[in-house]
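I am opening a notebook on a structure that is new to me. The entries below follow the order in which I looked things up.

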Amino acid sequence: MKSFTTHTGKVVAMDRANVDTDQIIPKQFLKRIERTGFGEFLFWDWSQLDDGSPNPEFELNQPQAEGASILLARRNFGCGSSREHAPWALEDYGFRVIIAPSFADIFYNNCFKNGMLPIRLSEAEVEELFQRATQHTPYALTADLDSQELSDAHGFSARIDVEPFRRHCLLQGLDDIGQTLQHEAKITEYETAHGLAS
Amino acid sequence: MKPRTLFQKIWDNHVVHQEAGRQAILYVDLHLVHEVTSPQAFEGLRLANRLVRRPERTVATADHNVPTSDRSLPIADPISKQQIDTLRANCKEFGITYYDLNDAQQGIVHVIGPELGYTQPGMIIVCGDSHTSTHGAFGALAFGIGTSEVEHVLATQTLLQDKPKTLELRVDGELKPGVTAKDLILYLIGQITTDGGTGYCVEYTGEAIRSLTMENRMTVCNMSIEGGARAGMIAPDDTTYEYLRGRKFVPKDFDAAVAKWRELPTDPGAEYDKSLVFQAADIAPQVTWGTNPGLVVSVNSHVPKPADFSDTTEQKTAAAALEYMGLKGGEAITDLKLDRVFIGSCTNARIEDLRAAAAVARGHQVSENVNAMVVPGSGQVKIQAEQEGLDKVFREAGFDWREAGCSMCLAMNPDKLAPGERCASTSNRNFEGRQGKGGRTHLVSPAMAAAAAIAGHFVDIRDWK
Ligand code: SF4
């Protein structure tokens, strides 16, 4: 698994709530059998006009969004389908950090498996970041998972609240399966105790 | 012992290992696999030289990406074909049971699991699909997982989990005539909103839930994720056991299994982290008007306006939803005219759903402005419907009768809406583009969908003659 320690990057603000995984990566791109190459299809329906040309109004198509690696959004980001293609697409596009007041459970979990850091802040803090992202262009943030601090160059600071074990795994880039297999004897023991041994 | 909830009992029964401050390692009894979220997981196993730990606890089928037209023809889309071929080859290589397209038991994974008796009370069931919550109807803890987790389960038969909180949604009293399980769950989602269940495992309780059939309970649990809850469950009871008795993969000593299952329901006095109570009598047939399932109203009311919402984020969400849906706000729901009707999906494509829709359609004609299709949830549902003559009822009324699969629920196969088309759908998601780019989806019950197909606009099923 990819690790995440600290990241400084440009922020793109997406003033939308309930951004669902069907929007992040529409189904027609789920037919691929690889994990890579989904970035070019990110937010496909929003990013283009009906004739296939880029939609100039779409947040990620703005000139100031070029090269952004931190995505700022409203509540319930990543709701809907369990497709891990959504974090794959965000990561492949270049995002390392996503900030929102809340995330859907499955999406939140999937981010950690792909070396991306989803950060939950209060509604007020998120609002503050939206303001700052319009005041300062370009606007950059630093997410330091080690010290658990999110900050900008203009005095903003917020604590990154993350479950200690997830933080540990992400900092080290630990492989979940390898970790679990260290307890393989326990799994066998469980199977034997429950009459599940083959 | 301290009284425990159904959830707590299943959780306790499955902890393989737990260290303080870490996620629990939970044992998985049943892992369902489909073509879209599994290829990268199998590839991961191969790269790391790992095997599937318990192939006999893993069951696969192709459903999301399969054509629902003539199955004797080759699949026209080469990338879809490759994905299905890949699943077939992976199952062969790793020794997993696979229900192929031409198998009479093929179908939507959440329809065939219960139908074949794989789904049982007290189990932990996972699948790389968010509607795995469906299986919670049997008193199982069932939830969707991502592809990395699919690989983890394949390799270890376990899953790492943070313990969710518990949320009781209790519905007292009886549903009124014409009001179905679909209306009940849409109403609940409307009340708690699309993320009200985030971080929780829901248990549905109360008289209105207890009196539902198994298939109706599946409809309710299926949509738990649309309220943000990864899992939704209903305590097993005689309705559950009678449904399961005699199914292919239930335990051989069925009575002994039932005796064990009877210990599962929540103990009197057990506490949930949160409980909400609703009255069944308050629920009317529901129709969604927006672009998430929480944006829903009663059929006899009007599409709301952004100003009807209190907070600015909700106002913006409502305004964007109205624009996408081609609505202004204020329209009577029954004035909305339809182009398409879809009866299908893991929410509402079981035999009882098809019977309910056929009862409405019998002797009527689909409006000439509407194109309507019925897609059974599985090969078995299709066969049974044909034995009961439901296919004839639908065909004579002008509905298209298709092969089993997910079809226009997610429009990954050729069944999809054209931009701007308005559709009454019995599926579970009305997200932008879900049924085709620019398509406008309104979620309803099977009976409401059938009535809308005939009238050409929404009708209050309670007035249907
Ligand atoms: S029918 Fe729809 S919701 Fe159900 S599994 Fe298929 S795509 Fe998912």
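**Entry 1. Salt bridges overall.** I began with a search of the whole structure, which is a predicted model. I found 51 salt bridges over all chains. I then picked one pair to look at in chain A: the side chains of A:Arg75 and A:Glu123 meet in a salt bridge, with 3.1 Å from N to O. Which parts does this pair tie together? I placed A:Arg75 in the loop between strand 2 (70-73) and helix 3 (85-93) of chain A, and A:Glu123 in helix 5 (residues 123-135) of chain A, so the pair ties together parts that are 48 residues apart in sequence.

**Entry 2. Chain B as a whole.** I counted 15 helices and 19 strands in chain B. The radius of gyration of chain B is 21 Å, close to the 23 Å that the globule rule gives for 465 residues, so chain B is as compact as a globular protein of that length. Along the principal axes, I noted that the C-alpha atoms of chain B fill a box of roughly 55 × 55 × 45 Å.

**Entry 3. Two domains in chain B.** The domain assignment gives chain B a domain 1 (6-161) and a domain 2 (308-463). I took their centres over C-alpha atoms and got a separation of 28 Å. Where the two domains of chain B meet, 22 residues of domain 1 are in contact with 22 residues of domain 2. I put the area buried between domain 1 and domain 2 of chain B at about 1,800 Å², with 58% of it from carbon and sulfur atoms.

Polar contact is another matter to record: 11 residue pairs across the interface of domain 1 and domain 2 of chain B qualify. On the side of domain 1 that touches domain 2, helix 4 (residues 109-115) of chain B gives the most, with 4 residues. I sorted the residues of that side of domain 1 into 7 nonpolar, 12 polar and 3 charged.

**Entry 4. Chain B against chain A.** Next I turned to the interface of the two chains. I found 68 residues of chain B in contact with 60 residues of chain A. The area buried between chain B and chain A is about 5,200 Å², and carbon and sulfur atoms give 50% of that. B:Gln40, B:Arg53 and B:Lys437 supply 12% of the area that chain B buries against chain A, more than any other three residues.

How many salt bridges cross the interface of chain B and chain A? I counted 11. I wrote down one that joins A:Asp15 to B:Lys316, where the closest N and O atoms are 2.7 Å apart. I also listed 31 residue pairs in polar contact across the interface of chain B and chain A.

**Entry 5. What chain B brings to chain A.** Elements of chain B that give two or more residues to the side touching chain A include helix 1 (6-14), helix 3 (78-94), strand 8 (158-161) and helix 11 (312-325). Helix 5 of chain B gives the largest share of that side, 7 residues. By residue type, I divided the side of chain B that touches chain A into 16 nonpolar, 31 polar and 21 charged.

Note on methods: Residues numbered from 1 in each chain as written. Chains lettered and ligands numbered in written order. Predicted model: local features only at pLDDT ≥ 70, side-chain atom pairs only at ≥ 80, totals over all residues. Heavy atoms only, no water. Domains from an automatic or database assignment. Contact = heavy atoms within 4.5 Å. Buried area = accessible area lost by both parts, 1.4 Å probe. Polar contact = N/O pair within 3.5 Å; in protein donor to acceptor, adjacent residues only side chain to side chain. Nonpolar A, V, L, I, M, F, W, Y, C, P; charged D, E, K, R; others polar. Salt bridge = Lys/Arg side-chain N within 4 Å of Asp/Glu carboxyl O. Rg over C-alpha atoms; globule rule 2.2 N^0.38 Å.
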